[in-house]
Amino acid sequence: MNAAEPTDVPRVVVAGGGFAGVSVVQALHRRFRGAVEVVLVSPRNHMLFQPLLPEVASGAIEPRHAVAPIRQALPRVRFRMGELDGLDPARKTVTVQPPAGDPYELAYTHVVIALGSAPRALLIPGLDEHAVAFSTVAEALHLRNAMLSRLEIAESTQDPDARESALRAVFIGGGYTGVEALAELHYLAQRAAERFENVEPEEIQWTLVEAADRILPNLPLELADRAVVKLRRRGIDVRLGTTVERIDDGRLQLSTGEELLADTVVWSAGVEPHPCVRRLGLDLDDAGRVEVDRTMRVPDHANVWALGDCAAVPRPDGGSYPPTAEQATRQGKQLGSNLARVLQGRAPEAYAHGESAELVTLGSHTAMGTVAGRQLVGKLPWLARRAYYVAQMPSVSRRVRLALEWSLGTAFPNDPTQLDALERPGGPLHRSLMRAESR
């Protein structure tokens, strides 16, 4: 496939295989059923449900149930693995860098930029060397294994500093990702510690560090404050208005002057648009997102559209919509409809969405949030959150698998098995080769 390849039907190139991109493809297929060629470009051959990563880390679901294979979920799409590396609106081409080989050009009738976001990093000394983000399945598994391995260290060590460091984890960032990951993993750690002889659950000292004076900025302040109370009641140390100044081999220096010992440091202090966005030559706002109008079309480029975390989709009352999975999904449906309208010679419609459901899991079968303007706390929003993500799975088989796993999980405790071999495949072979070389 190349830029000069002839096509008898319009070609829509969608860059990004997340909530936004997949929703656009689904909407187009529902309206055209083969009358439009859709090409999906993504560096991964699966759609990752990032809101499910905390439950992957806690063992509530298997890692493969947090992803959906694109070719299975979207059988009529022409999938191309690669990174979007350039855009030429004048020639109506994009440049794709595949995993191997030279980049190539791909012609389009319309192109949709749905590249999503990446963890936002600050220039904190030691952050890159000693902290881990929480945005991939690999990172979720790593944190799960790290937490369980630290319990084993605390069980066996005689060094008081090593024990304190092993039993403390510091999560930096009080948004959805940080709070959900901390709450789910802390719940697993508490349950797992009950099986240890020399570790008491109350000895586990976890800290949430947030630079602002509140957590969960997308929730009403009243709910955010209640979340802080609930976390503190579980023994989690929540530090508001506090930053991490440096990280040095298990020691964190806080802006308060205090020093914490912690083997596990998780960075979840927000996201920023995918770095590829900066290479496209489009106008960006102060946050680095592609500027679009209310129909999600890029101004001055009639055939270029953008949505989701990497686009500043305007609200009717000013500002822009937040980077959430629900907004990306709803924008994708609207943009798919808009592309259909434009291809049929009609005008696109403005995107407008009122109050959205905002739900955050707090572990221990508890969640809180707002649904249709009502504030909910407890098991009901926890079940509603799960039901929503089951419904968003793009294939029936994945929905059934996830629903069955969650249903069975309510009757049994989370699996505390440590599977560090998943992170280092070939370890036994490497050791065998080392022994062979020594003989």
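Two strands pair if DSSP finds at least two bridges between them. Keep that rule in mind for this predicted model.

**A hairpin to start**

Strand β6 (residues 83-88) and strand β7 (residues 93-97) are antiparallel partners, joined over 5 bridges. Glu 83 has Gln 97 in β7 as its bridge partner. The hairpin of β6 and β7 has 4 residues between the strands. Lys 92 in this hairpin takes a positive phi near 55°.

**The parallel sheet**

Next comes an open sheet of 5 strands, with parallel pairing. Its order is β5-β2-β1-β9-β20. Which strands form the edges? They are β5 (78-81) and β20, and each pairs on one side only. From one strand to the next, the twist averages 20°.

Look at the β5 end. Strand β2 (residues 37-42) pairs with β5 in the parallel sense, over 4 bridges. Ser 42 stands opposite Met 81 in β5. A helix packs on this sheet as well: α9 (residues 325-343) touches β1 (11-15), β9 (110-113) and β20. The direction of α9 makes about 165° with that of β9.

**The antiparallel sheet**

Another open sheet has 3 strands in the order β22-β23-β24. Here the pairing is antiparallel. β22 (358-361) and β24 (374-378) each have a single partner strand, so one side of each is left without a neighbour in the sheet. Direction ignored, neighbouring strands of this sheet are turned by 10° against each other on average.

β22 and strand β23 (residues 367-371) pair over 4 bridges, in the antiparallel sense. Within this pair, Leu 359 stands opposite Gly 369 in β23. What happens to side chains along a regular strand? They alternate between the two faces of the sheet.

Helices lie across these strands too. Helix α8 (residues 221-233) lies across β23 and β24, and runs at about 175° to β23. Helix α10 lies across β22, β23 and β24, running at about 100° to β24.

**Two helices side by side**

α10 also has a helix partner. Helix α10 (residues 379-392) packs with helix α11 (residues 396-409) at an angle of about 155°, and their axes are 8 Å apart. Angles over 145 degrees count as roughly antiparallel, so α10 is roughly antiparallel to α11. The crossing of α10 past α11 is right-handed.

Which residues of α10 meet α11? They are Arg 386, Tyr 389, Val 390 and Ala 391. On the α11 side are Arg 399, Leu 402, Ala 403 and Trp 406. The residues of this contact divide into 6 nonpolar, no polar and 2 charged.

Met 296 and Ala 372 each have a positive phi, and neither is a glycine. The table sets them out.

| Residue | Phi | Loop | Relative accessibility |
|---|---|---|---|
| Ala 372 | about 55° | between β23 and β24 | 68% |

Ala 372 is exposed, because its relative accessible area is 68% and exposed means over 50%. The loop of Ala 372 lies between β23 and β24, two strands of the antiparallel sheet.

Terms used:
Residues numbered from 1 in each chain as written. Predicted model: local features only at pLDDT ≥ 70, side-chain atom pairs only at ≥ 80, totals over all residues. Heavy atoms only, no water. Axes fitted to C-alpha atoms, helices over the stretch in contact; angles between N-to-C directions. Parallel < 35°, antiparallel > 145°, perpendicular 65-115°, else oblique. Left-handed = near helix turned anticlockwise from the far one by under 90°. Contact = heavy atoms within 4.5 Å. Nonpolar A, V, L, I, M, F, W, Y, C, P; charged D, E, K, R; others polar. Buried < 20%, exposed > 50% of the residue type's maximum accessible area, 1.4 Å probe, protein only.
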